[in-house]
Amino acid sequence: MSHEEEQTYIQKLKEGNEEAKKVLIERNLRLVAHVCKKYAWSNVDQDDLISIGTIGLIKGINSFNPDKNIKLATYTAKCIENEILMFMRASKKQNQEVYLNEPIGKDKDDNIVTLQEVLENDEKNIEDAVDMKFKIKELYDKMKYILQDREKVILEMRFGLDGSKPKTQKEIAKLLNISRSYVSRIETKAIGKLSKEIQE
């Protein structure tokens, strides 16, 4: 997408055009894959990273404010990364006790990165954290009446929303006795429904 095209769609997005939002999400899916490559060292399945990153992209597009003089790619890349980090932290809490000085990976310069460093560099303040809790609760409430039973079950299993360990599409397919591609289609459709309801 050229710069001019992007600006056109951003303006339409600002005016509440749903089709413009859809186009911007689709045209920035490569950015999701690019950000996910940074976390190839993790134990998270690549398909899972892509799905989680896509949720971050959708949130980024929904909350993007062109008046703040920041590039869309820069803003959404941060949203994608935040979503992945939140998922990884949640998974770590479920699997074992978390130690702040425990290495969780390496940066681009091959330096060891600890969870404490990630948390210290997190730009969210207390108000943001509280606001996020309300938004998450609102999202859960919306899931009850927006999604069909199977869509709700699949999202709960995929992202551990029911309190269990997040599962891969392959694991869910086996549990529900359906194909992995069908799980992927249901997940994508469910995320699409929720993206229209997320209020930033």
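This passage walks through the overall makeup of the chain, the pairing of helices 8 and 9, and the setting of Glu83.

The model is a predicted one, so local features are taken at pLDDT of at least 70 and side-chain atom pairs at pLDDT 80 or more, while totals for chains, interfaces and linings use all residues. Residues are numbered from 1 along each chain as its sequence is written, and side-chain values use heavy atoms, with hydrogens and water left out.

The protein chain holds ten helices and two strands, these being DSSP runs numbered from the N terminus (helices: H or I, at least four residues; strands: E, at least two). Read from the N terminus, the order is α-α-α-α-α-β-β-α-α-α-α-α. Of the 200 residues, 38% are buried, with buried meaning under 20% relative accessible area, exposed over 50% and partly exposed in between (1.4 Å probe, protein chains only).

Helix 9 spans residues 169–176, and its buried residues are Gln169, Ile172 and Ala173. These fall within an arc of 100° seen down the helix axis, so they line one face of the helix; the arc is that of the directions from the axis to the C-beta atoms. An α-helix has 3.6 residues a turn, so residues three or four places apart point the same way. Lys170, Lys174 and Leu175, on the other side of helix 9, are exposed.

Helix 9 packs against helix 8 (residues 149–159) at about 135°, the axes lying 10 Å apart. Here axes are lines fitted to C-alpha atoms, for helices over the stretch in contact, and angles run from 0 to 180 degrees between N-to-C directions. The two helices are therefore oblique to each other, as angles under 35 degrees count as roughly parallel, over 145 as roughly antiparallel, 65 to 115 as roughly perpendicular and the rest as oblique. On the helix 8 side, Ile154, Met157 and Arg158 meet Gln169, Ile172, Leu175 and Leu176 of helix 9.

As for Glu83, this residue sits in helix 5 (residues 72–95). Its relative accessibility is 13%, so Glu83 counts as buried. Setting aside neighbours within four places in sequence, the contacts of Glu83 are with Ile52, Ile55, Gly56 and Lys59.

Note on methods. Contact means heavy atoms within 4.5 Å.
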